[in-house]
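Please walk through this structure with the sequence and the 3D view side by side. The text below takes the chains in turn and then turns to the places where they meet.

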Amino acid sequence: MSQAPLLSVRDLRVGFATEGGVVQAVDGVSFDLRPGEVLAIVGESGSGKSVTAQTIIGLTRANNARIEGSVKLDGEELTEASDAEMRLLRGEKVAMVFQDPMTSFNPVYRIGDQIVEAIRAHRPDTSKQQGKARVVELFEAVGIPKAEQRVDDYPHEFSGGMRQRAMIAMALALEPEVLIADEPTTALDVTIQAQILDLLEQLNRERNLATILITHDLGVVAEVADRVLVMYAGKVVEQGTLDEIFYDPQHPYTWGLLGSLTRIDRPRPHRLPQIAGQPPSLLDLPEGCPFRPRCPHEFGKCSEYPGLDARLSEEPDHRDRCWLTPEEKREKRQVEGQIGLEAPR
Amino acid sequence: MTRFIVRRLVGMVAVLFAVSVIVFVVFMVLPKQNPAQSLAGKNATPLLVKNIEAEWGFDDSLPQQYLTMMKKVFTGELIQYEPRIPVDDRIVEGIPATFSLAIGAALIWLFFGLLLGYLSAIRAGGWLDRILTGFSIAGISIPVFFLGPVLIYFFSNKFEIFPNGQYVPFSEDPTEWLKHLILPWFTLAVLSIGFYSRVLRSNMLDVMNEDYVRTARAKGLSERQVMTRHVLRNSLIPVITLFGLDFGATIAGTAIITEAIFSIDGVGNYAAEAVAKFELPPIMGVALYGAFFVVLLNTIVDVVYAYLDPRVRLGESASE
Amino acid sequence: MSEEATAERGPWALALRRFFRNRLAVAFLGVFVLIVVFVLAAPLWANHVADTGPNQEHTVEQITVDGEKKDVVSPEGKPIGPQWFGADGKFFLGADSRLGRDEMVRLMYGGRTSLLVGISAALIATFLAIVLGLMAGYFRGWVDSFIARMLDVIWSLPVFLIGLSVGIALAVGGLKIGPLELSSGSLWNPILIISIFTVPYIARPIRGEVLALSEKEFVEAAIAQGASPLRVMFGEILPNLASTVIVFFTLMIANSMLFEAGLSFLGAGVQPPNSSWGTMITVGVDLLRIQPLLAILPGLMITLTVLSLNIVGDALRDALDPRGKARMDAALQFEAQAGTVSTEAGAARS
C-alpha cells in the first residue's frame, strides 16, 4: 500500500453550462488509486460519481463543459492532454465498463468484431484472425462458455450477464492498468450481479488491476472494495477504508445508505427505509450542507458547509463533512439496533 | 428470413388490394355524376357513354363492378376513350423517362442530403451547422412548382445553358439525355436534399447519445471512426427506410409536377395531361401503377431494413 | 422551490421566452403575419385601388399610364407587365394572361384560398388525429391496433397520386355520400382530401404520445382517485398533448398548403371560379418566356409562407421541448444531470 499512486485526482471540478445556469456536477474531488487497489465511489444518481469517472478518460469533454483540477496517470497530466493523446490512452491504459450491457454494445455489429475493433484501434497491424483468437482467449478468461461460437453472435443474442462479461472482456483486451466499472451490476439480476462482482474481484487479484467501482449500492462495495468515497451533490462527503465506512460511518448520508441495505450479518435482518426526499437540484443547491434538507440531525451550524476533514485521531485517513462530534455521531446513527438514518422530523 | 419475406409479400398484396378498392370507390361509387360519363371524357357522345355503361356493367352489384374493373386492369383493357389507346401502353412508354428522372434525382438528393446532414451533425451547434440547417429548412420549403419555373427562366430562357425540358431517350443521345435532365433532377431533388439532411442530422444527434457510442469512444476509437462506423452507420438505417418510401412516392406522384413543368413525356406527364382533360381511365391506371411501385418498394425496404438491423432479422425468426 | 416561483415561470412562459429569444423565428413569424395581412387586405385593394375583381377580365381594355394609353392585353395576346403605381395601382403587377385579369388582385385573393384551404385542412387533420389518438389510448386493444394499422396503410399509399385521383374524380363528378353532397367546384373537395391523407403525419406521433402519457404516474394517480376514463383522456392527457399539437399544427399548415398547390397546379385541387396560388402558377407557366413573374410570384408567395411556417414550427419545437434542444447541444454525459433537473420541472408542473 505504500506504492506511489497510479492515478491521482486532485480537486477535480466539472461544470456544465446549461440553459438554467452552470451545473457543477463534480465539485472538488480528490483521491489516489494504487496498483491492485479497488476504490469504490458511492452515491445516488446525480451525485457526480459517473461524471468523475468519465472525466478521467476525457469523455466529458464538450463545448459546454468546464473541467478544472488535476488528473494524473503515471505522473502524466490528463486534463491538459490533447484529444488525440486521450484517445490513445482510452482502452490502452484506462478501460471502462458501463452500466447497461444491453445498450453498451452497438446492436448492428457482432460482439467479437466490436472487441477486435477496440484492439485494432490501438494495434492497427493486428489481423482479423489474430484479433478473433484474442477475443476467444478473453471470452474464456471472463467465463463465457463456447467462446469460439459466441464471438460471432450479435449483442441481442447474449443474455444480460453474458453481455456484461463480454464488456469486461473488451475492457481487458489491451491489458489496461486501470479499470473503471460504472455501475457494472445495476442492470443485472441479483444472482448475475454476484457472478460479475466475483469476476471483477478475481481479475483484480490475478492481474493486479487497479479498479474504480462506481455504484449507488453499498452492498456491492462490501464485496470488493478496499477504499470507499461517498459522494453527494458533486462533493465527497465521506471517505475511508471499507471497514471504516461500514463499521464507523461518520456522515448521516452514509448512515442512510447503510441503513437501507439488506444485511445478513445482523442478528435480525432488517432494512430501514430509503433516505427520504430527493437529491437536490444542482442548479438550486441549499446553502451550507446540501444534505441538510433530508437530514434529521440538521442543526444551526449546518448552514455552513464543513470541510472534508479527518475528525477521528485514531483513523487519520477517514474524512467526512459533518459538524456533529464523533460522540454525537456514535449515538445518533443507532436506529433500531443498527446503523441507519431515522426518518426526518 | 424466408418467413419474413413471405409475410411482407402477403402484406404487400393486402395494401394493393386496399388501393384498388379505394380507386374503385373513388371513381365509381362516390361521384354524383354517372361514372360512365366521367370515364368517357368531357366531350363524349351519348352513344359512347352508353357503350361504356354496358362494358363496365354499371347495373351490376358493386362487388361485380369491382371485379369487372380489376379484370380490365389485368387484361390490358383499361383504355382511354378519346383517342382509344390502352392505358398500359402509354404507361409502359412513359416508364423510361419517369425512371430516368426519378433515379437521377434520387441519387442527387441522397448524395447531397446525406453529405449536408453528416457535416451538420458532426459540427452540431457551430456556424457550419447553422448555415446548413438554414439551407435545409429553405430546401424543404421550396416546392417544385416554384423552383422549376425559376430554373427554367434563368437557365434556359435568360441564359441558354440548358434546354427547357423535353426528354431525349438515353438510347438516342446520352449527352442530350443528360443535358435535358439536369434541371429537372435538381428541381425534384432540392426538397428531399433539405429533408434528408435534417433527418440524418437529427438521427445522428440521437445516436450520439447512445451508450454504445460512449463505449466506442471509451475503447479509444478516433472521433472520425466513432462518427462513421457507429453514429453514421446506425443513423442510416431509418434513412434507408425513408429513402425507399420516398423513391416510391417520387415515381408514383411527386415526379408528376416536375414532368409537367419540364414537359417530360413520362408516366407523370401522362397523368397530368389526363387531369387537365378530365380523363379518368389514365388516372386510374397511373394510380394503380404508382401504388404498385410504392408498395413494392416498401416491401424491398422492409427486407433491406431487416438485413441491416440484425435485431429485426434474427428477432423475427427466433421469436416466431 | 416555492410554488409561487414555479407559477411565475410556468413551462409555457418559459417556452415563450425561449421562442422569442430565437430572432430568426420571430422575424419569420413577422413574415407570416404580413402575408396574412396581405391576403386579408384583398377586398380593400380590389375595391379602392385596383378597382377590379380577381376574376374580372379586361381583354380589350386600355389603361392610362403616365398619360399614355396602353393595351392591357396586346393584340398578340401578351398581357401587360407590372405598372407599379403608374396607373394609380391598377395592374400593379400586370395582367395575368390573355384574359387581362389584375395579377395583384388575384395574388391577394388566391392567397386567401391557399391559406384557407391550408389552415382548414390542417385543422381537420389535427382534430381527427387527436380523436384517433385519444381513442387509441382510451380503448387500447383491438381499437388501438386497428387505428395504428389504418394509419400505416394510409402512410404507405402513394398519397399524392391518390389525392390527385380523388381530386380529379370529385372535380369531375362532385361527391355524394348520403346527405353529404359537394359540388364539383367546392373548396371542401381539396380540404377534405388533404386533411384525410395527411392525418397519419400527425396522428402517429399523437397516438404515441397518448400511449406514453397514459403510463405516466399522474395519469395513474388520477385513475386511482376514481376519475372516469373519459375524464382522464380529456382532463389529464389532452392538456399534455398541447405542445405536440401546436408544433405539428404549424408544420401541417405548411404541408397542406404544398399539397393544395400541387393538386391545384395540376388542376385537381381548387377549381374555377376560385383560384389559388397553385392555379396561378399553372396559368403563369405558359407565359414563362414573356412574363416570368406570373409564374414566379405565386410560387414565391407559397415558398415564403411555407418557409416561415417551417421555421416557426421548428422554433416552437425547440422552445417547447428543451430536452430535445439539450440533446442537440451534444452535451454527452450531461444526460444524467439533465434527467434530474427536468424531472423536477415535470414534478413542479403536475
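**A guided walk through the chains**

Of the 320 residues of chain B, 46% count as buried. The model is a predicted one, and everything below should be read with that in mind.

Begin with the overall build of chain B. Chain B has 13 helices and 2 strands. Taken along the principal axes, its C-alpha atoms fill a box of roughly 80 × 60 × 40 Å. Among the contacts in chain B between residues at least 6 apart in sequence, 71% join residues at least 24 apart.

Helix H10 of chain B covers residues 223–261, which makes 39 residues. How far apart are its end C-alpha atoms? They are only 45 Å apart, whereas a straight helix would reach 57 Å at 1.5 Å a residue. Just after H10(B) comes Ser263(B), which takes a positive phi of about 45°.

Next, chain C. The secondary structure of chain C comes to 15 helices and 4 strands. Chain C has 350 residues, of which 49% count as buried. Among its contacts with a separation of 6 or more, 67% are between residues 24 or more positions apart.

Strand S1 of chain C (residues 62–65) pairs with strand S2 of chain C (residues 68–71) in the antiparallel sense, over 4 bridges. One of the pairs joins Gln62(C) to its bridge partner Asp71(C) in S2(C). S1(C) and S2(C) form a hairpin with 2 residues between them. In the turn, Asp66(C) has a positive phi of about 50°.

Helix H12 of chain C (residues 277–285) is mostly covered, with 9 of its 9 residues buried. Among them are Trp277(C), Met280(C), Ile281(C) and Val285(C). What do the buried residues of H12(C) pack against? On the side of chain B, the partners are helix H7 (144–158) and H10. Within chain C, the buried residues of H12(C) pack against helix H5 (103–139), helix H11 (242–266) and helix H13 (293–320). In total, 52 residues of chain B are in contact with 47 residues of chain C. On the side of chain B that touches chain C, the elements giving two or more residues include helix H1 (2–29), helix H8 (174–208), H10 and helix H12 (280–308) of chain B. By class, this side of chain B has 40 nonpolar, 11 polar and 1 charged residues.

Chain A brings a sheet into view. Here 4 strands form an open sheet in the order S2-S1-S4-S5, and the pairing is antiparallel. The edge strands of chain A are strand S2 (21–33) and strand S5 (76–77), each of which pairs on one side only. Strands of a sheet pair through backbone hydrogen bonds, either parallel or antiparallel.

Strand S1 of chain A (residues 7–18) pairs with S2(A) over 10 bridges, in the antiparallel sense. A hairpin joins S1(A) to S2(A) through 2 residues. Leu7(A) stands opposite Leu33(A) in S2(A), and Gly15(A) has Gln24(A) in S2(A) as its bridge partner. S1(A) is also joined by 8 bridges to strand S4 of chain A (residues 65–73), and these two run antiparallel. There, Gly15(A) stands opposite Arg66(A) in S4(A).

Now look at a helix of chain A. Ile56(A) lies in helix H1 of chain A (residues 49–56). Is Ile56(A) buried or exposed? Ile56(A) is buried, because 24 other C-beta atoms lie within 10 Å. Not counting residues up to four places away in sequence, Ile56(A) touches Val71(A), Leu78(A), Val94(A) and Ile180(A). Asp152(A) is 96 residues from Ile56(A) along the chain, and their C-alpha atoms are separated by 32 Å.

The last stop is the largest nonpolar core, which has 283 residues. Which of its residues touch the most other members? They are Val42(A), Ile115(A), Ala169(A) and Leu266(C). Leaving aside its neighbours within four places in sequence, Ile115(A) is in contact with Val135(A), Leu138(A), Ala169(A), Met170(A) and Ala173(A).

Notes
Residues are numbered from 1 along each chain as its sequence is written. Chains are lettered from A and ligands numbered from 1 in the order in which they are written. This is a predicted model: local features need pLDDT of at least 70, side-chain atom pairs count only at pLDDT 80 or more; totals for chains, interfaces and linings use all residues. The expected span of a helix is 1.5 Å times one less than its number of residues. A nonpolar core is a set of buried Ala, Val, Leu, Ile, Met, Phe, Trp, Tyr and Cys residues joined through C-beta atoms within 7 Å. A residue is buried if 20 or more other C-beta atoms lie within 10 Å of its own, exposed if 12 or fewer, and partly exposed in between; C-beta atoms are placed from the backbone. Two residues are in contact if their C-beta atoms, placed from the backbone, lie within 7 Å. Ala, Val, Leu, Ile, Met, Phe, Trp, Tyr, Cys and Pro count as nonpolar, Asp, Glu, Lys and Arg as charged, and the others, Gly among them, as polar. Two strands pair if DSSP finds at least two bridges between them.
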